[in-house]
Amino acid sequence: MEKKLENLSVGILGAGIAGVAAAKRLEKENVKVSIFDWGFTPGGRTAHRQLWVSSSGKESFFKPEFDTKTSETWWRLRFDHGAQFLKIKSKIVEDLISPLVKKNMLGHWPADSKGTGWISKDGKFLAIGSKEAKQIGNGFFGIFNPSVKSFAVRGGMSAICKEISSGKVNQRRRVTDVRKITTNGTEKWMFLGDKGHHEMSAASLKNSNLDILGKFDAVIITEHMAWLPAFHPCHLPSLHNMFPQAVKWVKERLRYNEDIRRFEEIAPLFTAMIAFDEDPGFYLNTSETLSTVCVEDDQVIQFIARQLPSKQIDDMSESDAHCFVVVSTKEFAEKCIEDTPMSTKDTYRPQEEKYLRSKPVDIMINSFLKIIEKVRNGAPPK
């Protein structure tokens, strides 16, 4: 390409780590970058969610207005319901996050070994680094592999993408197509899209009004769902028409299964976000409470992580909410998706909140409590 880098404009689809990292590197070369994502905040798989819950059972995703004259109390609950940690396997990524480490946004994980390790199939807690823990393995995504640096984020994992992108992401902007056009004799790429976001219904997404989101010299696609067939709301029709060989390559690389309409290389996992208003007493032994554990040979749960405590936001109490993220096994998630498919051959059909809050969550919570009870030698949690 003859055009100098500083005169280039690039559109990036996806504000996960891949998207914001690409933008950061291009900006060092004075390339003008625009990032688009249909989520509420940057983050992608480093998803972070806040939820406010009141003592009367009300819920809000936004900070509520509360009256200190009433007896109602609100808690702010915070969950990393995507990635719980970041493993550094290349110098490029290490250089990318080093400014965040210097700002004390990221810390080495684990900071200490208390409450961290395996829960064996017979209910014993095996601390990280112990001979017994090493014999079971490196755990969830290699979390206990000592040869690879790991980091956790203070204030939520999505802070990585927010900080790297410096607030330059166009949020709640679903790219619905990318087309090659000619402007003043120069070839450009155009993003078409709408104000759709990932929690809208399929019908609402289908009826959204399209806008021209931008025209660029080049585009970068970091969202794997863009390569899915036409049933999915992130499908890009022109991309499939112009680059059939690329589509074929992606499907082969990620092992697309026509029968279940999913990439088999990307494992489905369910995450349950669980909170207690009092300390549930999850003691692993006489001195350690549960922090981060992998679970051996459980049919439902493979990973449990305590989240950072969050103070009540009415300033009337010093109690902390105790939050946990529980991650399912691949087999459990696949069984749930098989029972209630997320798509048909022609239609995208996300699993509804009513279903998710009932069958999958009920099973995961019960399994979670049984695991803790087993570790506590039969003493049920509070």
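The count of disulfides (pairs of cysteine sulfur atoms within 2.5 Å) comes to 0 in this protein. The model is predicted, so local features need pLDDT of at least 70 and side-chain atom pairs count only at pLDDT 80 or more, whereas totals for chains, interfaces and linings use all residues. Residues are numbered from 1 along each chain as its sequence is written, and side-chain values use heavy atoms, leaving out hydrogens and water.

**Cysteines and burial**

- A disulfide is a covalent bond between the sulfur atoms of two cysteines.
- Cys161 is buried (under 20% relative accessible area, with a 1.4 Å probe and protein chains only), at 0% relative accessibility.
- Cys234 also counts as buried, with a relative accessible area of 7%.

**The protein overall**

- The protein has 382 residues, of which 46% count as buried.
- Of the contacts (heavy atoms within 4.5 Å) between residues at least 6 apart in sequence, 65% join residues at least 24 apart.
- The protein contains 10 helices and 22 strands, taken as DSSP runs of H or I over at least four residues and of E over at least two, numbered from the N terminus.

**An open sheet**

- Four strands, in the order E11-E2-E1-E15, form an open sheet with parallel pairing, where pairing requires at least two DSSP bridges between two strands.
- Strand E11 (169–170) and strand E15 (218–221) are the edge strands, each pairing on one side only.
- Strand E1 (residues 9–13) pairs with E15 in the parallel sense over 4 bridges.
- Ile12 stands opposite Ile220 in E15.

Note on methods: Buried means under 20% relative accessible area, exposed over 50%, partly exposed in between (1.4 Å probe, protein chains only).
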